[in-house]
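User: I'd like to walk through the ligand site in this one. Can you take my questions one at a time?

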Amino acid sequence: MKLTRTLTAMAMASMMVISLAACGGGADQKGGATEAATEAATQAAAGAEAAAPGGGNIGVCIYKFDDAFMTTYRNALQEILEGKGYTVTFMDGKNDQAEQNNQINNFIAQEVDALIINPVMTSAADQIIATVKEAGIPTVLINREPTAEQMAAYDKLVYVGCDARQSGTMQGELILDTPNKGDINGDGKVSYIMIQGDPENVDAQYRTEFSVKALTDAGMEVEELDLQRGDWDRNKGQEIAQNDLAKFGDEIEVIFCNNDDMAIGALQAIQAANRKVNEDIYLVGVDALDAALNEVVNGNMTGTVLNDAKGQAAGAVEAMEALLGGKTYASGEQSIYVDYVKVTPENAADFQ
Ligand code: BGC
């Protein structure tokens with residue numbers, strides 16, 4: 001039986017509790033998040049009694065299981081969904097959009113009550129959205145954000161994630177907060193290498209742009225020694241850093257990594273090259289993976305940025321329940337954001 005048909009009006013109202021903070025925007029794509037959050041908060045304040053809906057079948061598609069951050073996220077989703085009594089099936093897209101399309105079609109054939117999808121490719125969003133719309137399945141997209149225009153095609157669709165510009169800006173701020181603002185050799189410019197995630201992913205694009213922009217906005221001169229895609233992967237991060245350290249040596253003052261897994265790889269290369277983080281080189285990542293938090297505490301990473309997997313998982317489930325309760329989302333109000341948090345040695349323990 002479809003879960004949606006079993007819900008009372010009271011339960012529906014109570015499921016719209018969304019406690020996510022909308023964060024700073026700028027581009028059209030981000031518009032409406034604040035209103036959506038405010039509306040949700042108002043509904044929460046209306047005092048609907050808590051209800052544990054549960055009992056539905058949920059299909060979750062992850063772009064690939066072999067991703068450090070998405071593993072944390074997947075575990076959080078599983079805990080929350082199962083804790084609420086849902087039956088959940090997770091599928092590994094193996095970084096292959098065709099494979100994920102099959103998985104979505106299979107879930108539809110099984111008549112799942114709702115889908116949570118972490119697309120393999122954002123460029124496939126149109127096709128994914130058309131498919132779930134035709135099947136009439138309430139869907140929450142996570143982690144890889146389509147455009148507002150793409151999402152407008154289906155009003156039972158929501159994106160829950162973060163504004164990646166915020167994380168990039170925070171990475172730049174972590175460097176600006178160092179005693180020499182990243183200019184270790186005092187030559188008047190910050191010389192860096194950028195280890196990028198998969199450039200198809202908006203998180204990679206924005207983090208790359210906004211980390212450097214924070215420096216230039218603060219009046220720092222910058223020099224990009226190298227920019228390479230590391231596809232969010234630790235081994236690739238290690239290889240890129242190793243090659244660049246051999247090529248540019250002491251010229252490198254900062255290594256920006258779009259995520260922590262690549263930063264951990266870069267740290268291995270830094271240590272192998274006998275360089276010392278926070279003394280002769282700075283290193284920043286994003287995610288606040290446990291391994292990175294340890295390195296921040298130990299002084300082997302300058303800092304990282306919390307990419308709140310638990311918060312996003314909770315937000316995704318709340319949005320899913322709102323959809324199951326019959327809520328539809330107007331165009332421009334389909335993105336719900338969770339804030340990033342800057343992580344330094346001073347506050348790292350709070351996230352461990
Ligand atoms: C995370 C990365 C992860 C990627 C997957 C990003 O938000 O920071 O660690 O690999 O999402 O899409």
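Predicted model: local features only at pLDDT ≥ 70, side-chain atom pairs only at ≥ 80, totals over all residues.

User: What is the volume of the largest cavity?
Analyst: A search over the whole structure turns up three cavities of 30 Å³ or more. The largest cavity comes out at a volume of about 90 Å³.

User: Which residues lining the largest cavity are closest to its centre?
Analyst: The largest cavity is the space taken by the ligand. It has 13 lining residues, and the closest to its centre are Asp 67, Phe 69, Asn 143, Asn 201 and Trp 232.

User: How much of the ligand's exposed area does the protein bury?
Analyst: Let's begin with the side chains. An N or O atom in the Asp 67 side chain is 2.6 Å from a ligand oxygen, and for Asn 307 that distance is 3.2 Å. Taken alone, the ligand exposes 310 Å², and the share of this that the protein buries is 99%.

User: How many residues of the shell around the ligand are charged?
Analyst: The residues surrounding the ligand include Asp 67, Arg 144, Asp 203, Arg 207 and Asp 287. Sorted by type, the shell has three nonpolar residues, four polar and, to finish, five charged.

User: Why does the ligand lie between two domains, and which ones?
Analyst: Look at who supplies the shell. Both domains give residues to it, so the ligand lies between domain 2 (57-162 + 310-339) and domain 3 (165-306).

Conventions. Residues numbered from 1 in each chain as written. Heavy atoms only, no water. Near = heavy atom within 4 Å. Polar contact = N/O pair within 3.5 Å; in protein donor to acceptor, adjacent residues only side chain to side chain. Areas by Shrake-Rupley, 256 points an atom, 1.4 Å probe, with all protein chains shown as cover. 1 Å grid on protein atoms, 1.4 Å probe; cavity = no way out; pocket = protein on both sides within 12 Å on 5 of 7 lines; lining within 4 Å. Sits in = over half its atoms within 2 Å of the grid points. Nonpolar A, V, L, I, M, F, W, Y, C, P; charged D, E, K, R; others polar. Domains from an automatic or database assignment. Points joined across faces, edges and corners; volume = space filled by probe spheres on them.
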